[in-house]
Amino acid sequence: MQDALNSVRQFHAAMNAPIFTYPNLLPCDRNAAAALAERVGTLAMASMAAASADDVLLRRASMALEELAEWLAAHSQGDLVAAADAWADRAYVLFGDAVAAGLPAVALYDEVHRSNMTKEPDPLRIGKAIKGARYQPPDIRKSVYFGVENPPA
């Protein structure tokens with residue numbers, strides 16, 4: 001995981017995106033974050049209620065939304081410990097998505113990072129990347145079937 005964090009730090013540096021060297025809440029409008037947390041939380045509950053017992057996708061989406069709502073709420077309340085907990089839960093759910101779907105997470109991540117490093121900083125929005133002249137899209141198909149003999153056409 002340290003390699004992944006280092007590669008994201010490299011991308012943030014290239015795009016002039018925020019990089020803190022110590023635990024910190026992200027700057028935000030706390031009222032807007034609280035309102036969004038409430039809307040996302042409501043969506044999480046609605047999607048879980050709509051999911052049948054065997055609907056793995058909707059159930060996992062509900063978990064992701066619930067953890068996002070907690071991340072937003074923690075920021076709106078100025079609670080760094082709750083934000084850290086919500087971040088860890090969000091990461092765990094995302095890793096779980098890869099496990100549940102049988103996706104080669106490392107190969108996919110590496111390919112997206114390779115592609116992202118061909119983007120350039122957006123001159124109008126600090127920390128935002130754009131697809132400039134050097135941009136090379138990720139070869140997701142190759143990454144999805146990484147190590148698979150005779151992948152489907």
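Residues are numbered from 1 along each chain as its sequence is written, and side-chain values use heavy atoms, with hydrogens and water left out. Local features of the predicted model need pLDDT of at least 70 and side-chain atom pairs count only at pLDDT 80 or more, whereas totals for chains, interfaces and linings use all residues.

Two or more residues of the lining come from each of helix H1 (2–15), helix H3 (56–76), helix H4 (80–101) and helix H5 (105–116), where a helix is a DSSP run of H or I with at least four residues. H4 gives the most, with 10 residues.

Across the whole structure, 3 salt bridges are found, each defined by a side-chain nitrogen of Lys or Arg within 4 Å of a carboxyl oxygen of Asp or Glu. One of them joins the side chains of Asp97 and Arg60 at 2.4 Å, N to O; Asp97 belongs to helix H4 and Arg60 to helix H3, so this pair ties together parts that are 37 residues apart in sequence. Arg60 is buried, with a relative accessible area of 18%, while Asp97 is partly exposed at 24% (buried means under 20% relative accessible area, exposed over 50%, and partly exposed in between, with a 1.4 Å probe and protein chains only). A salt bridge of 2.7 Å, N to O, is formed by the side chains of Arg114 and Glu111, which both lie in helix H5, 3 residues apart, about one turn of the helix.

Helix H5 also contains Ser115, which is buried with a relative accessible area of 1%. A polar atom of the Ser115 side chain lies 2.7 Å from the backbone oxygen of Gln136. Leaving aside residues up to four places away in sequence, Ser115 touches Tyr135, Gln136, Pro137 and Pro138, contact meaning heavy atoms within 4.5 Å. Val81, in helix H4, is by its relative accessible area of 66% exposed.

Conventions:
Polar contact = N/O pair within 3.5 Å; in protein donor to acceptor, adjacent residues only side chain to side chain.
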